[in-house]
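These are my notebook entries on one structure. I looked up pockets, ring pairs, charges over rings and a few single residues.

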Amino acid sequence: GQEFLEGQRVYRRANVGRAYVRGVEFQGEWRLPGSTALFGHATQTFGQQVSNAQPMRRIPPFHGLAGIRWRGPRGVEAEGTLRFAARQDRLSSGDRDDYRIDPEGTPSWQVLGLLIRYPIREGIDIVGAAENLLDQAYRVHGSGIDGAGRHVWVGIRVGI
């Protein structure tokens, strides 16, 4: 019954009206001569509310990943990736009212990463990565969470 709660607008949602979502996704890997492969995926989505002639909420922009992987002797692997998303400024009225989404839209972003995997014995690998190498400020559209800045991590992966 209240229009606002703790400073945020309260919405009543009803599953009425007509809408559609259309999209396409591509994924592939191209093995080059030797021990190198190119890989990636990309997605494009379009959502429209037909009943009120506006975009659907939280539809992501064109986004994806492109990478290169090298497999060396003794199972060592190195991988470089570029994750990206285009600008999303096709917003519904609900997106514009959502404090987690800039009313002007979500800016485009590109994030570079490097990963290395080194097997130490059968089924046990040391894995390390440096991610967001250019320290790009970014947010996945509609998530409300800013992406991590430049960071490094190391772990042990145990396979069964």
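I began with the second largest pocket, which is lined by 15 residues; Thr81, Arg83, Val111, Gly113 and Glu131 lie nearest its centre. I worked on a 1 Å grid over the protein atoms alone, where a pocket is an open set of points at which a 1.4 Å probe fits, with protein on both sides within 12 Å along at least five of seven lines, and a lining residue has an atom within 4 Å of a point. The model is predicted: local features need pLDDT of at least 70, side-chain atom pairs count only at pLDDT 80 or more, and totals for chains, interfaces and linings use all residues. Residues are numbered from 1 along each chain as its sequence is written, and side-chain values use heavy atoms, with hydrogens and water left out.

I noted about 230 Å³ of space in the second largest pocket, a volume being the space filled by probe spheres set on grid points that are joined across faces, edges and corners. Strand S7 (77–85), S8 and S9 each supply at least two residues of this lining, and the largest share, five residues, comes from S8. Strands (E, at least two residues) and helices (H or I, at least four) are DSSP runs numbered from the N terminus. I sorted the lining into eight nonpolar, four polar and three charged residues. Here Ala, Val, Leu, Ile, Met, Phe, Trp, Tyr, Cys and Pro count as nonpolar, Asp, Glu, Lys and Arg as charged, and the others, Gly among them, as polar.

I then turned to the largest pocket, which holds about 440 Å³ of space. Its lining has 19 residues, and Arg13, Ala14, Val16, Gln49 and Asn52 lie nearest the centre. Helix H1 (residues 93–97) gives the most to this lining, with three residues. I recorded five nonpolar, nine polar and five charged residues there.

Next I looked up aromatic rings and found three aromatic pairs. Trp109 and Tyr138 form a tilted pair, 4.5 Å centre to centre with 35° between the planes. Rings of Phe, Tyr and Trp (its six-membered ring) pair if their centres lie within 6.5 Å; planes under 30 degrees apart count as stacked, over 60 as edge-to-face and the rest as tilted. This pair links distant parts of the chain, 29 residues apart: Trp109 is in strand S8 (residues 109–121), and Tyr138 is in the loop between strand S9 (124–131) and strand S10 (151–158). I found both Trp109 and Tyr138 buried (under 20% relative accessible area; exposed is over 50%, partly exposed in between, with a 1.4 Å probe and protein chains only).

I also checked charges over rings. The charged end of Arg69 sits over the ring of Phe39, 4.3 Å from its centre, and that of Arg100 sits over the ring of Tyr99, 5.8 Å from its centre. The criterion is NZ of Lys or CZ of Arg within 6 Å of the ring centre and within 35 degrees of the ring normal.

My last entries concern single residues. Ile124, in strand S9, is partly exposed, with a relative accessible area of 22%. Not counting residues up to four places away in sequence, Ile124 touches Pro119, Ile156 and Arg157 (contact means heavy atoms within 4.5 Å). Thr43 lies in strand S4 (residues 36–49) and is buried, at 14% relative accessible area.
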